[in-house]
There are 6 protein chains.
Amino acid sequence: MRKSGRQNDEIREVKITRNYLKHPQGSVLIEMGETKVICTATLEEKVPPFLRNSGKGWLTAEYAMLPMATQERNKRESAQGRIGGRTHEIQRLIGRSLRAVTDLESFGEKTVYIDCDVIQADGGTRTASITGSFVALVDLFRKMMEEGKCATMPVQDYVSAVSVGILEDQLLLDLEYAEDSQAEVDMNVVMTGMGKFIEVQGTAEKVPFSQERLLAMIELAGQGIRKLTEIQKQTLGGNL
Amino acid sequence: MRKSGRQNDEIREVKITRNYLKHPQGSVLIEMGETKVICTATLEEKVPPFLRNSGKGWLTAEYAMLPMATQERNKRESAQGRIGGRTHEIQRLIGRSLRAVTDLESFGEKTVYIDCDVIQADGGTRTASITGSFVALVDLFRKMMEEGKCATMPVQDYVSAVSVGILEDQLLLDLEYAEDSQAEVDMNVVMTGMGKFIEVQGTAEKVPFSQERLLAMIELAGQGIRKLTEIQKQTLGGNL
Amino acid sequence: MRKSGRQNDEIREVKITRNYLKHPQGSVLIEMGETKVICTATLEEKVPPFLRNSGKGWLTAEYAMLPMATQERNKRESAQGRIGGRTHEIQRLIGRSLRAVTDLESFGEKTVYIDCDVIQADGGTRTASITGSFVALVDLFRKMMEEGKCATMPVQDYVSAVSVGILEDQLLLDLEYAEDSQAEVDMNVVMTGMGKFIEVQGTAEKVPFSQERLLAMIELAGQGIRKLTEIQKQTLGGNL
Amino acid sequence: MRKSGRQNDEIREVKITRNYLKHPQGSVLIEMGETKVICTATLEEKVPPFLRNSGKGWLTAEYAMLPMATQERNKRESAQGRIGGRTHEIQRLIGRSLRAVTDLESFGEKTVYIDCDVIQADGGTRTASITGSFVALVDLFRKMMEEGKCATMPVQDYVSAVSVGILEDQLLLDLEYAEDSQAEVDMNVVMTGMGKFIEVQGTAEKVPFSQERLLAMIELAGQGIRKLTEIQKQTLGGNL
Amino acid sequence: MRKSGRQNDEIREVKITRNYLKHPQGSVLIEMGETKVICTATLEEKVPPFLRNSGKGWLTAEYAMLPMATQERNKRESAQGRIGGRTHEIQRLIGRSLRAVTDLESFGEKTVYIDCDVIQADGGTRTASITGSFVALVDLFRKMMEEGKCATMPVQDYVSAVSVGILEDQLLLDLEYAEDSQAEVDMNVVMTGMGKFIEVQGTAEKVPFSQERLLAMIELAGQGIRKLTEIQKQTLGGNL
Amino acid sequence: MRKSGRQNDEIREVKITRNYLKHPQGSVLIEMGETKVICTATLEEKVPPFLRNSGKGWLTAEYAMLPMATQERNKRESAQGRIGGRTHEIQRLIGRSLRAVTDLESFGEKTVYIDCDVIQADGGTRTASITGSFVALVDLFRKMMEEGKCATMPVQDYVSAVSVGILEDQLLLDLEYAEDSQAEVDMNVVMTGMGKFIEVQGTAEKVPFSQERLLAMIELAGQGIRKLTEIQKQTLGGNL
């Protein structure tokens, strides 16, 4: 059994608080165990240059951590004058994942901003960001539908994400930091509610892994995704 | 009476939650009405170059806002590659205010980092940051004393801050955003629990003001400070 | 008596040279004792984005120091790739102070640039910058009126600034560097010729100060302002 | 059949020129069809701060494109003053992939720099970079062994990378730009010569994909990797 | 005789490969001994702001080195976040040199981008960049004439560049790195095919030089330029 | 005759004010006609990394313009976050020119900072900077000798600089802005008091120039240098 008392195939306790902030149209606090991320979705009435006069909209994501979200204080990227590689990688992943299920032609030349700010980090901040942002995004789209800004719901399927890994030769679902930092293999999987894959990113942190292990990790991730989809459905009160 | 139902000389409801985050030694969520700021205090075992081999410690502060803390999304300073003037001004103010009551020689060559991250903004974020950070700072110092890292409590007096302003010729205490953005005069006052001044910053936003008005604003600020000191005392369980 | 031979309530010798540079419409060299600042005012025929199509003009200020203005060479901010917090703070103060007396609607969608470049620093560079810039600004506006670019003089009152402080328990007016760097309390006051306040910024550098002291400093600043207004009037040859 | 005349499961013609440059210890020009990348490996006699006094070495990678490597001129990142997200992502991937097979403890506190500069881009620049860099890395390590800088060869297995994708419902191996830019799913796979996985990154560019498709892509990638390993072996003249 | 076996007044072997890259309209690999530079010329359908609505075109140049072009790895300017002084100086020189013979009014409001990327450096990279870029530029203009984008050839004379220097009191033509780094005087000369000067930049690296020496260097440079012009003519197949 | 009333071979009136600033060891205001530059020389007790433990000193220069030194306001490079190519070019030229006559081994591991700040620009700011900085540098070295920081005067010859150019087919010495901006050819020459060349930079701004013209310009520059050396000698009171 894991240090946290969880089974190897058990995700952490998930709590999603909707309408967490006053200003954004969609805002969520997602807690996966000790990992806490504020995810917001807001609309801007213009698109990036490459989409001007295309009739299409866009969705983009930004991700950051509070300096004290981590055990050791991490330096503020604003103070350093540039965004690091890890941040770039994560915010690109969040954006791609949500765009993959969003009909960007359904709401005109507008941009959806997804902001994920990690308040407290204990592993799995990128996957929690995706799972939480999806809920904020649906809340935004619901408001847009109410206001007549889009005729149909631009997302047709759920999206959530979870990590799996191999630690001391054991397959683990939803790694917390103490596990993640020791894992031999680390994989993040983004899937839809229908069980389709949006993104699979597996990395041998120390030892290359076999195809058999790869398949087992994918299976295990699928279990986590089904659980997360269930929680998203309950949070959102049923249908999209 | 004000739109919020408050009297002109009444501060907003204040709520300070200690130990808000898992990792930092001192961490607080301060809510002043709809304004919400996470304030943390942490220790780093080194000092900036100008203090090396001085035997003295240092205290510095950083301040930021979530992009969706405000009504209109404000751009992330990390994405812009630089910190704006307003941020610089605020974090320098927070640092100065707390250094003014801290005995920097009492804990050796170490640096205290104060991080203030505004989760939601409704006016008065800089003053709430100071009031909240003070509590986080005391929590840090208490832990340092427990761990034998300092022999005596490095702060000897409380510090809190409040805004006052003139709006439609009325003196108002603790302005929320709707008031602040319309005010003719805006003043931020940082004071100790003993009623001494640390910082007074008054600005005529539209119309220069008379000395009589200046004195009246200072008086009114003092009222707010006394209330805030009381709340800090209760939160911290009595003596420093 | 002070090291410089001045009385505690005596400002340094002030010299304002108008039309100091060839190119800008308004340009001044202000000398307050050993502190020397070149202040210029120029017009640009456009406004920042937030004012486009508003019919209103804008005024903004920039401040810098020569590397060798100070005793120790200060690094050029251009070489460091960013403007420091102190510079931001000062140039925002200069801009706010002059905007407070300028009718921004009287000259259309144009921007006034105030540039303050410190040639030599001996304390009080920000206050000298304000006092000198006001004169350069009036010269610019006079030219604009001559050229028919504005129908009325956009400023209706004088603006000047002075520092006061407490050093070894003595109240001092217009601190030079040797005093400023040792002062327990440092206050900058910006006032109009009519004796109204535009900005009051008082900071306890070492020890919090009492209300009585605050009031005494404000009084003393007023004396300095009256003297400075007088000098501005003479320099400008009477009426605005 | 594909536009290029290739079968769906056929990689492009690969040409690896060793000792391409005069100065670096290892340097390779890899050509995969029209994609051309210069990969170099060099040694620096120090490590990043986090490894000082650890006795361990490090390996890091940088990646860039010539402005005219692509059809439309891409702006130089040096002129823009920052590295974009895509570049960050790729250079992190290259570094991780090579570290996964390198014994960082075998050559002391030194850093291996891998530089990948794309001279001409026609899809698959990141995978070509990995495949080519591995050869340059072996050349560097061979020189280090000759010079007595390491006792044993620090890599024990080959590393290469290839892309697979789904385009018009067809599985394709080693996509060129015209295919890649239209693909529904895009996957990059990094594997060892022994057939183990180092990195799997699959992305639904337009439509989420099924597990069956995922497995088929992984199989197809494996075919490409076997071919690339064979070419690396021939290029390197047999054993590692 | 020089270490390389060359006579003092002998340039290195020059090889210019046209159409070196697939995408740009003009692209050349120029090799002068061990120095190798990729030079490209491409057209962008807009001009910088200062030329909008002028009817005139522009030509600008950028220059960079691969990190491993030099003996010691030089840091990537993109990673450092800014372009160094040497790079600025060189790319300005390349742009000026080519603009001096280009009729910018002959092809409308378009910008020619010259990109010079040094693959391998052994002295004389800036002069090789100019000599090679000229060939790429002619290739671009020929394509533009074929496509009817300009009625006449915008360049009317050849441009090439060469270095001369004084080393151990000897005049040397076309210095390689080992000579250049030891030279007492270093001069770069840009000339037209007709023998006119575009740019002369001579620098006393260690000892100021006499007018007699200056004239001798200018003469020697002229010899090199005549040889380079000859090679350009052959490469371009005769007339411009 | 020129618009200014000068002969073609006549330099502008030169005025060099020594000890212009209070803090730096050497400081000069140089005025060449309407061009005014503050030049300072100061000593820092350390050297850049590449000279540590070499026993040698260094000399480096920085150059900047006040925003309103020019007719059109030029943007502050600190506000833009980077130094432009022109600034880089000029400050490298100033540094090289002064290093060429300075014995860097005569004053130990120290760095001389030359700062040139253009107060008012009317052409020839880089040449005025060199001529003025030389005087400031001698003043610094004289103080160092008095303080025993160097045993002998580290400069053994004078250095000054002047521009020449061709305008409407006329050779002109020491161009002012109205001439410079129209010139067909522009040349800057840096020479020693003994008539040796340190730097020659000639540029065809519009039309390539003949060797005959080149020689005539060099002759004319020499005349200007002789005059400037004379002025430096008088200013410095005779011998070095």
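Copies are superposed by least squares on the C-alpha atoms of residues with pLDDT of at least 70 in both. With that in hand, here are some close-up views of this predicted model.

View 1. A rotation of 180 degrees, with 0.0 Å of shift along its axis, places chain C on chain B with an RMSD of 0.0 Å. If you look in chain C for the C-alpha nearest the axis, you will find C:Gln201, at 2.2 Å from it. Both copies use the same surface, as 100% of the contact residues of chain C recur in chain B.

**View 2. Chain pairs that no contact joins.** Chain C and chain D are not joined by any contact, and their closest C-alpha atoms lie 11 Å apart. For chain A and chain F, too, no contact is found, with the closest C-alpha atoms 11 Å apart.

**View 3. Ile114 in the largest nonpolar core.** This core holds 432 residues, and the members that touch the most others are A:Ile114, B:Ile114, C:Ile114, D:Ile114, E:Ile114 and F:Ile114. Zoom in on C:Ile114 and, leaving aside neighbours within four places in sequence, you will meet contacts including C:Leu59, C:Ile94, C:Leu98 and C:Leu137. C:Thr40, C:Glu62 and C:Ser133 are also among the residues in contact with C:Ile114. In soluble globular proteins, nonpolar side chains tend to be buried together.

**View 4. Helix α5 of chain D and the residue after it.** Helix α5 of chain D covers residues 211-236, and at 1.5 Å a residue its 26 residues should span 38 Å. The end C-alpha atoms are 37 Å apart, which agrees. Just past α5(D) comes D:Gly237, with a positive phi of about 75 degrees.

Methods:
Residues numbered from 1 in each chain as written. Chains lettered and ligands numbered in written order. Predicted model: local features only at pLDDT ≥ 70, side-chain atom pairs only at ≥ 80, totals over all residues. Heavy atoms only, no water. Core = buried A, V, L, I, M, F, W, Y, C linked by side-chain atoms within 4.5 Å. Buried < 20%, exposed > 50% of the residue type's maximum accessible area, 1.4 Å probe, protein only. Contact = heavy atoms within 4.5 Å. Helix = DSSP H or I, 4+ residues; strand = E, 2+ residues; numbered from the N terminus. Expected span 1.5 Å × (residues − 1).
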